[in-house]
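Please consult the sequence and the coordinates alongside the numbered points.

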Amino acid sequence: MEINGSREWNFRVEEEEQGNAASAVTVRGVLNLLFQNIRKDDNNKPVDVVIPLGHGDPSNFPSFRTAAAAEDAVVHALRSAKFNSYSSTNGLPSTRRAIAEYLSDDLPNKLTPDDVFVTLGCIQAIEMVITALARPGANVLFPRPGFPYYEARAAFCKLEVRHYNLIPEQGWEVDLEHVEALSDENTVGMVMINPGNPCGSVYTAQHLEKIAEMAKKLRFVVVADEVYAHICFGSTPFVPMGVYASVAPVLTLGSISKRLCVPGWRLGWIVTNDPHGILKKSGLTRKMINCLDVSADPVTFIQGAIPDMLQNTTKEYYSKIVAIVKETAETCYSKIKDNPVIDCPHKPEGSMFVMVKLNVSLLDDINDDLEFCIKLVQEESVIVMPGVALGMKNWLRITFAIEPSLLEDGLQRIEAFCQRHAKKQ
Ligand SMILES: *Cc1c(COP(=O)(O)O)cnc(C)c1O
């Protein structure tokens with residue numbers, strides 16, 4: 001196209017591509033929209049305390065301060081002056097070894113340092129795995145509801161996405177029949193999140209084994225996002241998917257962000273659970289290493305702190321965090337049960353979230369979940385995530401990982417909001 005007789009700039013982004021970028025729903029994008037709607041006074045200050053039930057980052061609340069051992073490990077690594085250089089590509093050898101040992105506690109096939117690839121948080125682990133899986137014609141299976149960064153990253157890599165359902169009435173288990181119906185010879189992988197974001201689900205060993213059997217039958221890799229590993233407070237204990245790696249190969253993704261409440265430290269990992277060497281032989285491991293070769297590495301002194309951090313953080317610290325989320329999850333669940341407008345099909349047993357169904361027919365002037373969330377922040381300064389951002393229209397995701405007193409306040413405001421907008425009988 002010519003403008004004023006001169007040629008267009010070569011880097012102009014085509015409209016179609018602009019449209020794609022704009023339509024990618026991200027948690028950050030939705031949160032930004034909600035935060036823009038906070039009621040402000042004339043000095044541009046919020047009129048009320050804002051209660052963030054929209055995303056899972058409790059690290060700023062006093063109850064969720066990280067372990068003293070974790071802080072000490074970072075200070076010590078920094079002051080040692082041994083960690084000021086560039087990292088090696090897949091992570092420092094001592095860091096990889098420490099993560100392999102930490103995760104091997106729960107596994108029958110012990111991991112070696114070579115199975116561990118250190119990443120900039122679990123986010124970069126997702127980026128690397130999706131990039132490595134993408135090839136022309138391939139498709140990948142994601143859960144609905146899920147974690148929208150996966151969709152955004154797949155769109156970026158032009159990897160086709162197919163969504164399998166989770167079954168609310170069965171503790172949000174994977175609908176395995178649906179998985180089978182969706183997959184074909186171009187299905188390269190299936191992502192599962194356990195403990196579950198956004199559902200608060202924790203899968204039993206039996207269910208994990210069935211997933212592994214299905215992956216074996218359908219010949220794809222299981223990508224197990226276990227960023228909430230061990231944050232379990234119901235009757236089902238956490239079992240890593242890697243336990244079933246002898247059935248089908250598993251890529252486990254994780255980080256220190258959630259269990260240690262330090263998402264800003266940006267340290268995560270990809271682990272190959274591959275006792276039969278299938279991932280290696282397929283070339284996927286090599287491709288992942290190639291992707292990592294051209295990516296930024298996590299900060300070296302945080303990597304340097306990992307061995308001490310994982311070794312010295314006490315059981316008491318981990319139990320304390322789980323005890324707090326157990327209590328806040330209870331509060332959340334019982335308050336939701338009292339509110340006819342929202343319904344929780346499954347009591348949360350893990351992670352930091354619960355999915356609730358919004359009964360819009362009981363509301364007077366609210367037509368869907370997004371409108372509910374925008375009006376809620378405008379009127380009550382409470383942020384919750386609309387289900388539409390996670391693939392589930394007219395549901396809401398609520399996090400209970402915040403300071404307990406603040407959570408109660410937030411749930412009361414939701415209740416008041418629902419009453420105010422209820423249809424008059
Ligand atoms: C928070 C989260 C991540 C990202 O973890 P970081 O370590 O903060 O990058 C990945 N997956 C799920 C399901 C999450 O909730």
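How many bridges join strand β9 to strand β10, and do the two strands run parallel or antiparallel? The reply is given in point 2, after the basis of the model.

1. Basis. The model is predicted, so residues are numbered from 1 along each chain as its sequence is written, local features need pLDDT of at least 70, side-chain atom pairs count only at pLDDT 80 or more, and totals for chains, interfaces and linings use all residues. Side-chain values rest on heavy atoms, with hydrogens and water left out.

2. The β9-β10 pair. Strands β9 (residues 221-225) and β10 (residues 250-255) run parallel and are joined by four bridges. Within this pair, D225 has L253 of β10 as its bridge partner. Helices (H or I, at least four residues) and strands (E, at least two) are DSSP runs, numbered from the N terminus. Two strands are said to pair if DSSP finds at least two bridges between them.

3. R162. Residue R162 lies in strand β6 (residues 160-167). Its side chain is joined to that of D184 by a polar contact of 3.0 Å. A polar contact is a pair of N or O atoms within 3.5 Å; within protein, one must be able to donate a hydrogen and the other to accept it, and residues adjacent in sequence count only if both atoms are side-chain atoms. Leaving aside residues up to four places away in sequence, R162 touches N139, V140, L141, F142, L182, D184 and T187, where contact means heavy atoms within 4.5 Å.

4. An N or O atom in the side chain of D225 is 2.7 Å from a nitrogen atom of the ligand. For N197, a side-chain N or O atom is 2.8 Å from a ligand oxygen atom. A backbone N or O atom of C122 lies 2.9 Å from an oxygen atom of the ligand. The ligand taken alone exposes 390 Å², and the protein buries 93% of that; accessible areas come from the Shrake-Rupley method with a 1.4 Å probe, and for residues, only the protein chains shown count as cover.

5. Backbone geometry for review. Most residues other than glycine have a negative phi, and most peptide bonds are trans. A cis peptide bond joins N194 and P195, with omega about -10°, and another cis peptide bond joins N197 and P198, with omega about 15°. P195 is placed in the loop between β8 (187-193) and α8 (205-218), and P198 lies in the loop between β8 and α8. H230, which is not a glycine, has a positive phi of about 75° and is found in the loop between β9 and β10.

6. The five-stranded sheet. A sheet of five strands, open and with mixed pairing, has the order β3-β14-β15-β13-β12. Its edge strands, β3 (51-53) and β12 (342-343), each pair on one side only. Strands β14 (residues 382-386) and β15 (residues 395-399) run antiparallel and are joined by two bridges, and M385 has R397 in β15 as its bridge partner.
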